[in-house]
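Thanks for coming. I will go through one structure this morning, so please have the sequence and the model open.

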Amino acid sequence: MSGRGEGCAVAAADGDGGVSARPKRADAVRNQQTLLAAAAEVFVTSGVDAPIREIAKRAGVGMGTIYRHFPTRADLVVAVYRHQVEACAEAGPALLAEEESPFTALERWVDLFVDFLVTKHGLADALRSDSGGFEALHAYFLDRLVPVCGQLLEAAVGAGEARPGVEPYELMRGVGNLCVGRDDDRRYDPRRLVDLLLRGLRGTRSSS
């Protein structure tokens, strides 16, 4: 979830016209982003059922701070989900700008996407009583990330670094399917298979 998302505290204007409200708002947003980033890291390694105290320790805050922002685990999981969607969406253009190779940018983005998917697979259980909410989040996920994946793919194909004809939804769905098994078998490392998928996408560059 970005600083523009839900849950960000909006400071009230003070008696001097609200000049001091802006730093408070920025601090509140920054603190919440730190908390969500810590929760995402814990969810990736320990799952969405990880103890709240582990998240609080990683974020450097008290457990009461987490419960004040997110009264239920479902609230926290949804906020982390949205936080990671926005992080993935913003990372795509940034990676294209900083990497010399579009395909390297795509590889790095897919790595971030895998981290996100590990969290996403626990979302259904956390929202088991709110299927409508889950469907809305899934639609939001597609709306934000499919165009970003498409931009990365188009750049890689244009540079002759990836095979043409692969749709962004196809690639994301393929990566997602490879990540499913991790929850039930810790011996399974989806990144190894995702790497093979990306090697196949790269193929052999023509020498002509």
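I will take the helix contacts, then the cavity.

This is a predicted model, in which local features need pLDDT of at least 70, side-chain atom pairs count only at pLDDT 80 or more, and totals for chains, interfaces and linings use all residues. Residues are numbered from 1 along each chain as its sequence is written, and side-chain values use heavy atoms, with hydrogens and water left out.

Helices are DSSP runs of H or I with at least four residues, numbered from the N terminus. Axes are lines fitted to C-alpha atoms over the stretch in contact, and angles run from 0 to 180 degrees between N-to-C directions. Angles over 145 degrees count as roughly antiparallel, under 35 as roughly parallel, 65 to 115 as roughly perpendicular, and the rest as oblique.

Start with α4 and α5. Their axes come within 9 Å and cross at roughly 175°, and the two helices are therefore roughly antiparallel. Contact here means heavy atoms within 4.5 Å. Among the residues making it are Val-80, Tyr-81 and Leu-95 of α4, and Trp-109, Phe-113 and Lys-120 of α5. By class, this contact has 13 nonpolar, three polar and four charged residues. Ala, Val, Leu, Ile, Met, Phe, Trp, Tyr, Cys and Pro count as nonpolar, Asp, Glu, Lys and Arg as charged, and the others, Gly among them, as polar.

Next, α5 (residues 102–120) and α8. The axes come within 10 Å and cross at roughly 50°, so this pair is oblique. On the α5 side the residues include Trp-109 and Phe-113, and on the α8 side they include Leu-171, Val-175 and Cys-179.

What does α8 meet in α9? First the geometry: α8 spans residues 168–179, α9 spans 190–202, and their axes come within 8 Å and cross at roughly 155°. That makes α8 roughly antiparallel to α9. Leu-171, Val-175 and Cys-179 of α8 are among the residues in contact, and Pro-190, Leu-193, Val-194, Leu-197 and Leu-201 are those of α9. Nine residues here are nonpolar, one is polar and none is charged.

Last, the cavity, a set of points on a 1 Å grid over the protein atoms alone where a 1.4 Å probe fits but cannot get out; lining residues have an atom within 4 Å of a point. The search finds one cavity of 30 Å³ or more. Its lining consists of Ile-52, Ile-66, Tyr-67, Phe-70, Pro-71, Thr-72, Arg-73 and Leu-76. Both α3 (63–69) and α4 (73–98) supply at least two of the lining residues. The lining divides into six nonpolar, one polar and one charged.

Notes
1 Å grid on protein atoms, 1.4 Å probe; cavity = no way out; pocket = protein on both sides within 12 Å on 5 of 7 lines; lining within 4 Å. Points joined across faces, edges and corners; volume = space filled by probe spheres on them.
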